[in-house]
2 protein chains.
Amino acid sequence: MEFTKITEIELPAAYDAHVHLRDGEMAQLVTPTIRQGGVSQVYVMPNLVPPITTIEQCLSYRKRLQAVEPKVEYFMSLYLHESLTPDIIREAKKAGITGVKSYPAGVTTNSSSGVLDYNVFYPIFAAMEEENMVLNLHGEVPSTPSSAPLKSPSSSASSDTAPSPPAAAAAAAITILNAEPAFLPTLLSLHQHFPNLRIVLEHCSTSAAINTVRACGPSVSGTITAHHLSLIIDDWAGDPFHFCKPVAKTPEDRDALIRAVVASDGRFFLGTDSAPHDGGKKRGEDKIAAGVFTQPYAVGYVLDALEVGVKRGVIEEASVTKEVLEGFLGKWGRKFYGIEDEKNERIVLRKGGEEIVGILTKGGLGVQVVPYRRGEKTWKVEWK
Amino acid sequence: MEFTKITEIELPAAYDAHVHLRDGEMAQLVTPTIRQGGVSQVYVMPNLVPPITTIEQCLSYRKRLQAVEPKVEYFMSLYLHESLTPDIIREAKKAGITGVKSYPAGVTTNSSSGVLDYNVFYPIFAAMEEENMVLNLHGEVPSTPSSAPLKSPSSSASSDTAPSPPAAAAAAAITILNAEPAFLPTLLSLHQHFPNLRIVLEHCSTSAAINTVRACGPSVSGTITAHHLSLIIDDWAGDPFHFCKPVAKTPEDRDALIRAVVASDGRFFLGTDSAPHDGGKKRGEDKIAAGVFTQPYAVGYVLDALEVGVKRGVIEEASVTKEVLEGFLGKWGRKFYGIEDEKNERIVLRKGGEEIVGILTKGGLGVQVVPYRRGEKTWKVEWK
């Protein structure tokens, strides 16, 4: 097929392997937009406030989501936390929970309960490996504090103090720019210790991340968001609605992500990291919440980004095959997760048929969200 | 002196070699804060809307500023523009105008009338060199458009089309991160063609900029802002009030700027680039205006940043001498500009004596500005 000439295409409904559906009113607003975006199955992030650290919380959360939109299938995750035990992991597996999400402390929204030292979780990871659960990594190292001294304390200083984090070493300070590359040795180390543990490096944002996932065995995959396929650093500088973590990086990084879609070999698949924030937290407040909201147009955004990739000469027209679209949008993610698509639903996409709303609202709800690329056109999704 | 122990210090009033005072109500609000910040003389940027491209506009603008605050001395600049001629340069010199500011098109606020191709301005620069005027460079290359094709058009394509800009070449795409380093060859080229033309590389934000200024002859200097002495990329990601152009870069770049203050050899001096924007353009709107507002606390911010630099081990305590403070805050800039400080006013600074207001307002004015580090404490300025 000549991808950029196509105006209509039928595909299996998509699997979005990384969604933030929130809770309460926001979940009421956002969850019904999953199918609008062409998605029938989702893997749900556990970073509520407080985070989901027990099986009971997790199953109860799934019930609330099912009540909002019963036509979507929800795969669930626990938040990696010191209260987890190998026993809980085994029970979680029996209870139908899919995986565990790890957030390095402080690097992204609602991640202040997150992880710094992975070694303490090795018993958890070992149990997950045995139970064939999935470990989802937010692959960023926390930034070096701005107040950190430039040099390490002199060697004559007492060694009774807590060991300094790796970020304080003599190497370049960690910022939001190198936070992902600086995490990649941790990914390699985890993979080496737990070669059969299925690991997903979430929202890959650099060519270094793509290369590192490729260098691992088949138990390691990476998700790529829709918005990282089109945004670069210039786009979020000064634009709250393009600001997310990990931040969009250079044009070269973005182009590496586009190439990873068509040369995935099944290693990379869609996880939108769609992250709704109430309008007020994106505008009008002093600090801007990190997150781009892509749920209602998820599949359309991906097709649009691939078209731009072809037109800019980043990828060949012929590389965007139906197999690539079916794979990236669902088949490869489902295969890695061992997810059946029993309903086998299909969608028809029509190019330019959908105008992205300026703001997503719903009568009776006190929250509203601005979607990515508001006011532009994208592919319209119809369910067969 | 032991700089971090000092709680009171007397200095000559400062020269701020890069200020945005705007016009109308904003000028009414901002201009009276110059002396509050410890500054008696300022070099005023011409990027009004429309920009100041004629001698008449320039002198009229100075009169309006003098009417607002007669106790400040205003040195004036023209906006580099195709309407300028060598004759106008000679007349401008006679009229007491100090220099010409060059903005690469589109890189910063109100710079859409700016410059792309410097060669066409060589006759202007030659006249400026003869007249001993100052050329002020906003040293950034415009970013590569996001839609730019990855590869150059094939060589068989017609050559009738306009030549592609240098940014479209095979090298890394230009983003706000490498825009300043990518400009530095232009600085070197201008200096080579006009070795006696006094050039200021404004708001240096990278160690590369510092090194390049040093590599030039004594006719080239650099200004450094107060806020670039403390901000890094993590600070402006998600914070409208820390977002400016050039963007704050890595911790290593910031630390190079701090070192340049104490090891200036007269080559680097204060130009705050204080850039007031009405609160509404920093909050509540979709796109955030670039600029950090530092005018009312200019000298205090610099002292604070140097103190942090000492405490973090970036610079030695002993390197922050009275000569460095007097030089960076006024003497070196005045010397480069050939500016007399006839009134010879002096200020006394008291550490922690001033609380930075949350928002700057004034009765009867319909604009308001949020200053840098609102709510924190800094040095209080008293005029002797």
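Student: How many bridges join strand E10 to strand E11 in chain A?
Tutor: Helices (H or I, at least four residues) and strands (E, at least two) are DSSP runs, numbered from the N terminus. Two strands pair if DSSP finds at least two bridges between them. E10(A) and E11(A) run antiparallel. The bridges joining them number six.

Student: What kind of model is this?
Tutor: Residues are numbered from 1 along each chain as its sequence is written, chains are lettered from A and ligands numbered from 1 in the order in which they are written, and side-chain values use heavy atoms, with hydrogens and water left out. Local features need pLDDT of at least 70, side-chain atom pairs count only at pLDDT 80 or more, and totals for chains, interfaces and linings use all residues in this predicted model.

Student: Which strands stand at the edges of the chain A sheet?
Tutor: Three strands form an open, antiparallel sheet in the order E1-E10-E11. An edge strand has a single partner, so one side of it is left without a neighbour in the sheet. The edge strands of chain A are therefore E1 (8-12) and E11.

Student: Which residue of E11(A) is the bridge partner of A:Leu349?
Tutor: Strands of a sheet pair through backbone hydrogen bonds, either parallel or antiparallel. Here E10(A) and E11(A) are antiparallel. Across from A:Leu349, the bridge partner in E11(A) is A:Val381.

Student: At what angle does helix H11 of chain A run to E11(A)?
Tutor: H11(A) covers residues 298-311 and packs on the sheet, touching E10 and E11 of chain A. Contact means heavy atoms within 4.5 Å. Axes are lines fitted to C-alpha atoms, for helices over the stretch in contact, and angles run from 0 to 180 degrees between N-to-C directions. The direction of H11(A) makes an angle with that of E11(A) of about 135 degrees.

Student: Which helix lies across E1 and E10 of chain A?
Tutor: This helix runs at about 45 degrees to E1(A).

Student: Is A:Glu323 buried or exposed?
Tutor: Buried means under 20% relative accessible area, exposed over 50%, and partly exposed in between (1.4 Å probe, protein chains only). A:Glu323 has a relative accessible area of 56%. That makes A:Glu323 exposed.

Student: How far apart in space are A:Gly375 and A:Glu354?
Tutor: A:Gly375 sits in the loop between strand E10 (346-355) and strand E11 (377-383) of chain A. Its contacts beyond four places in sequence are A:Glu355, A:Ile356 and A:Val357. A:Gly375 and A:Glu354 are 21 residues apart in sequence, and their C-alpha distance is 9.8 Å.

Student: What is the relative accessible area of A:Thr175?
Tutor: A:Thr175 is in the loop between strand E6 (134-137) and helix H6 (179-193) of chain A. It touches A:Ser143, and across in chain B it touches B:Ile232, B:Ile233, B:Asp234 and B:Pro251, leaving out residues up to four places away in sequence. A:Thr175 is buried, at 2%.

Student: What rotation superposes chain A on chain B?
Tutor: Copies are superposed by least squares on the C-alpha atoms of residues with pLDDT of at least 70 in both. The shift along the axis is 0.0 Å and the RMSD is 0.0 Å, with a rotation of 180 degrees. The two copies are thus related as by a two-fold axis, that is, by a rotation of 180 degrees.

Student: What share of the interface residues of chain A are also interface residues in chain B?
Tutor: The copies meet through the same surface. The shared part is 97%.

Student: Which backbone nitrogen does the side chain of B:His191 reach?
Tutor: B:His191 lies in helix H5 of chain B and is buried, with a relative accessible area of 13%. Its contacts beyond four places in sequence include B:Ile199, B:Cys216 and B:Ser219. At 2.9 Å, the side chain reaches the backbone nitrogen of B:Gly217.

Student: What arc do the buried residues of helix H6 in chain B cover?
Tutor: In H6(B), residues 207-215, the buried ones are B:Ala209, B:Ile210, B:Thr212 and B:Val213. They lie on the same side of the helix, because the arc they cover around the axis is only 165 degrees.

Methods
Arc of directions from axis to C-beta. Polar contact = N/O pair within 3.5 Å; in protein donor to acceptor, adjacent residues only side chain to side chain.
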